[in-house]
Each structure stands twice: as C-alpha cells, then as structure tokens.
Amino acid sequence: QVSTVADLVARLDALSTNTSSHAGAIVELALSPGEYELPDTLVFDRRLVVSALRLQSNGEATLRLAPSTGRRLSSAATTTDLIRTAPGAPHLFLCGLQLRGGAVRLNRSHASFEDCTFADADATATAAEGGALSIVGGSVVEATRCDFISNRARRAGAVLVDGGAADFASCRFEGNEAIDGGSAILVRSTIRQGVVLRQHTLLVGNGAPSVL
C-alpha cells in the first residue's frame, strides 16, 4: 500500500535496481485515497526491472503535477508531462486513477488504462500536441471506461496517435479543446489495428473538429 508521494517515488526507485527481489515479476502498487502532488514527471523506462507494473486505486487517488513543475524546452515552450515512458519500459497498467494537470506520453511502449480520468491538462501555451495522452513511436494502448475531460492543446486536445495503436472501449471524451483541430483525437499515423472506438465510446461537447 502506498500513501504518500515520497513512498511512491521510493518504491519506484527500488524497482530500478538490478538487486531488486522483484526483477522480472509483475508488481502492483495500490495507492491509498488522496492527492499525490508530484514534484517531477514520473518516468518509466528500461531501468525498471519488472516485467509489468500496475498502479491501482479505488478511484479516489489523484496524480497531479506540483504547480511549479514544468521544464523549459525553449524560450517559448515548456513541458508538463505527468507520466512519460521510454523504449524498454515494462507494460504499464493504470487502474482507477485520476490523472490531472499533465500529459501521459508513451514512446515505444505498451500501456493499459482502466477506470481512469484524464482531466484538466492544458498545453495550449506550449504549442504541444496531445494534451492528455500521446501514443507515439509504435506504442500500443488499451483504454477501458476512461474519461477524457476538459483537456486542451494546440493540436490533439485530448489524444494524439502518431505511429501507434489505440483501443478505446466505453470511454467518454467531453469538453476537450484544440486550437488547430482534433480536440478529442488527432490521428496522424497508425500501426496494427489503428484507432478503434467501441462499446458506446462517446464524444460530446468537444471543439470542432473533434476527430481529425
């Protein structure tokens, strides 16, 4: 059971050592209800020695970037990623989490989301793409019963798919905005089955065009 940000970071650090007793295992971290204000982006990459990592809550745990978080990329852009993966990351499962105020960016990795809410990500000022979720570089995503609410970016207000695959089942896209289109989903290129919206996935109240 995880109850503080410091505890979460320490647990993840412990899984990034070759001496970890969990090497090659499927590890589950259960987050107690509450708000977890992250001082920096959670990065998952090949240093994690587990085969799969599951972060789980009953729907009452929120991951949020601290207000001062945001690393300057240039004179005109900052990044406010909540979670970022890199090639070699284990399969990531996020279940019952509130993901607020920052984007999840997946690069050449596999992630599954269940009963999660992606909300209030605002990348408008950064000329970024994928306000809530970016699926790039051959990444594969399954999202089930997830809500994408009030996310914003210049392009792909909620979700960007660029060289990836995504399956959305029973998901809701509501109130997302993008200055240059694709307020709910922007698809640039895909692999495998492409992007699938199924099981009554609903798009409502997004800026036009909601899908580009």
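## Strand β9 and its partners

Strands β9 and β12 (residues 133-136) run parallel and are joined by four bridges. Within this pairing, Asn107 has Val136 of β12 as its bridge partner. The model is a predicted one.

Strand β9 also pairs with β7 (residues 81-85), again in the parallel sense, over three bridges. Here Arg105 in β9 stands opposite Arg84. Strand β9 itself covers residues 103-107 and is mostly covered, with four of its five residues buried.

## The nonpolar core

The largest nonpolar core has 48 residues. Those that touch the most other members are Phe44, Leu53, Leu63, Phe113, Phe118, Phe148 and Val159. Strand β4 (residues 52-65) supplies the largest share of this core, five residues. Nonpolar side chains tend to be buried together in soluble globular proteins.

What does Phe118 contact, leaving aside its neighbours within four places in sequence? Its contacts are Leu99, Val104, Phe113, Ala132, Leu133, Cys146, Asp147, Phe148, Ile149 and Asn151. Two of these, Phe113 and Phe148, are also listed among the core residues that touch the most other members.

## Cys146

Cys146 sits in the loop between β13 (140-144) and β14 (147-149). Is this residue, Cys146, buried or exposed? Cys146 counts as buried because its relative accessibility is 0%, and the cut-off for buried is under 20%.

Not counting residues up to four places away in sequence, Cys146 touches Phe113, Glu114, Asp115, Cys116 and Phe118, and also Ser170, Cys171 and Arg172. Along the chain, Cys146 and Thr201 are 55 residues apart, while their C-alpha atoms are separated by 9.4 Å.

## The largest pocket

The largest pocket has a volume of about 290 Å³. Its lining is made up of 15 residues, and Val9, Leu12, Asp13, Leu42 and Val43 lie nearest its centre. By class, the lining has nine nonpolar, two polar and four charged residues.

Which element gives the most to the lining of the largest pocket? Helix α1 does, with four residues. α1 spans residues 5-14, and both α1 and β3 (42-44) supply at least two residues of the lining.

Conventions:
Residues are numbered from 1 along each chain as its sequence is written. This is a predicted model: local features need pLDDT of at least 70, side-chain atom pairs count only at pLDDT 80 or more; totals for chains, interfaces and linings use all residues. Side-chain values use heavy atoms; hydrogens and water are left out. A nonpolar core is a set of buried Ala, Val, Leu, Ile, Met, Phe, Trp, Tyr and Cys residues joined through side-chain atoms within 4.5 Å. Buried means under 20% relative accessible area, exposed over 50%, partly exposed in between (1.4 Å probe, protein chains only). Contact means heavy atoms within 4.5 Å. On a 1 Å grid over the protein atoms alone, a cavity is a set of points where a 1.4 Å probe fits but cannot get out, and a pocket is an open set with protein on both sides within 12 Å along at least five of seven lines; lining residues have an atom within 4 Å of a point. Grid points are joined across faces, edges and corners, and a volume is the space filled by probe spheres set on the points. Ala, Val, Leu, Ile, Met, Phe, Trp, Tyr, Cys and Pro count as nonpolar, Asp, Glu, Lys and Arg as charged, and the others, Gly among them, as polar. Two strands pair if DSSP finds at least two bridges between them.
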